[in-house]
Amino acid sequence: MSPRGFVPLYRRLADEISDAITTGRLPSGTSMLSLRDCAAQNKLSINTVVAAYRLLEDRGFIASRPQSGFEVCSVLQELDRPLEVNVTNVSADSESDLMSELLEAHQRPSCVDLAFASPRGKRFFPSEALARLTRTVLQNQRSLVASYVLPPGSQLLRDEIARRALRLGMSLEPQNICLTHGTTEALQLALRAVARPGDAIGIEVPSYFNLYPLLNSLGLRGIEIPTHPRTGFVMENIEALLAAKSLAAIVCMPTVQNPLGYTMPIENKKRLADLASLHQVPIIEDCIYAELQFSEPLQPTLKSFDKDGWVLVCGGFSKTLAPDYRVGWLEGGRFTQAVQRLKFYSSASESMLLCETIGLFLKNGGYERHLKSLRRLYQSQINTVRSLVSRHFPKGTRATQPHGGFVLWIELPEPVDSVQLAQDALSNDIVIMPGQLYSKGERFRNCFRLTCCQEIDDRYIGAVAKLGDLASSALESSKNETVSNRI
């Protein structure tokens, strides 16, 4: 086995035990096997088991009990109710001062970044393989760097995107796929193709924080629609808004949503696609995390149920393959020609060298192998971080149980203000993303997003533990203030 794929025995044992804990096969309070019994049962050395138990204890899955060995810790409670009950008309304002602070801190080497969905580390990207392929493409097609490319872009990559789309239930035509400068440009092109300044756009709440300034830059109004942390849009609200002709379009992430991590049930996706066709309202589907679902076979996208071209679907490779290549894509349905014209007017085309490299990586099968490894890694990391939060954060803290991806939505006891928590965390060189940035208004002030897309090392674990201490202190201060006010 290559060094990149090697997993030490103690980590394998720790992963097996943590999986048993998170799936309920080892319930909270269960006594663990003694070190000697575990070693004998698994035919391992005592030292290997000691290392595995130590790792599980560091990550919050088990705790030592005096004179009693180890015991399984309690599991973090999952969010299980709609996060907002009212449809809200919001004015999408520009980027806040707080976001600017967070971006600045993100650049500091001293900071531990628990905020941005930017995977970091050798295990998360096949950098060496991509570098070799880039050199190969450049050697074999030297004329690429001296040629202008027009939309829709590399035929090889568009063919491979269409082929891979079948795994997600989509039947896409390569000629209808437009390559873009990341998924953000794909969203922008889609919005420009289907909406005009002043139009109302339905969005999830909480929603991807960059969507608000994007809507603002295009002069569009956001309509925040309630979501459930397990199933997504509350369908009754969608149906009422469409029936009242209140929306010009909808933007959503039905498969592994950011920041909640849910995947809409198939019956809801079918219903939503039917409603789009019935009311002739375009839906822009962001599926950038769809291939990072934890369960296989992968659940189909919303686009899979689109019969009349009212669903525009976009994706990209920045979260899974090559962030610096900035390659995304958009299939525009009945708006394909408008999308391709807008792409030509705005940025013309994407680098043929980089697109051909990604296309070759997909064609050779390297991407699928990489994704399989990535899904296992992120599922393990999500479980580990949930356990760390359960161990270090105050009682009453709850979190999502994502269906894929690498982000957690954390809900703190209500007196804790995540904006103040973010400021306190910055003072300790820790960056988190407060819930206020995922909506407009005060509704998520006790929530924040936590990313699990870097090595869960001592530095990361220490940052989560410190963050938990800060949240506990904030909660205690709030209780003392309440008692003082009563007196």
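Q: Which helices each supply at least two residues of the lining of the second largest pocket?
A: They are α4 (97–106) and α7 (182–194). Helices here are DSSP runs (H or I, at least four residues) and strands likewise (E, at least two), numbered from the N terminus. A pocket, on a 1 Å grid over the protein atoms alone, is an open set of points with protein on both sides within 12 Å along at least five of seven lines, and lining residues have an atom within 4 Å of a point.

Q: What should I know about the model itself?
A: This is a predicted model, in which local features need pLDDT of at least 70 and side-chain atom pairs count only at pLDDT 80 or more, while totals for chains, interfaces and linings use all residues. Residues are numbered from 1 along each chain as its sequence is written, and side-chain values use heavy atoms, with hydrogens and water left out.

Q: Back to the pocket: which element gives the largest share of the lining of the second largest pocket?
A: That is α7, with three residues. The lining has 25 residues in total, and Ala117, Tyr208, Asn210, Lys319 and Arg326 lie nearest the centre of the pocket. The volume of this second largest pocket is about 520 Å³.

Q: How many cavities of 30 Å³ or more does the structure hold?
A: It holds three. A cavity is a set of grid points where a 1.4 Å probe fits but cannot get out. The largest cavity has about 170 Å³ of space, and among its 15 lining residues Leu168, Glu291, Gly316, Phe317 and Trp329 are the closest to its centre.

Q: Which elements each supply at least two residues there?
A: For the largest cavity, they are α6 (155–165) and β12 (311–316). The largest share, three residues, comes from α6.

Q: New topic: at what angle do α9 and α10 pack?
A: Helix α9 (residues 235–243) and helix α10 (residues 266–279) pack at about 5°, with their axes 11 Å apart. They are therefore roughly parallel to each other (angles under 35 degrees count as such). Axes are lines fitted to C-alpha atoms, for helices over the stretch in contact, and angles run from 0 to 180 degrees between N-to-C directions.

Q: And where do α5 and α12 stand, in distance and angle?
A: The axes of α5 (residues 127–140) and α12 (residues 352–363) come within 9 Å and cross at roughly 120°. These two helices are therefore oblique to each other.

Notes. Angles under 35 degrees count as roughly parallel, over 145 as roughly antiparallel, 65 to 115 as roughly perpendicular and the rest as oblique. Grid points are joined across faces, edges and corners, and a volume is the space filled by probe spheres set on the points.
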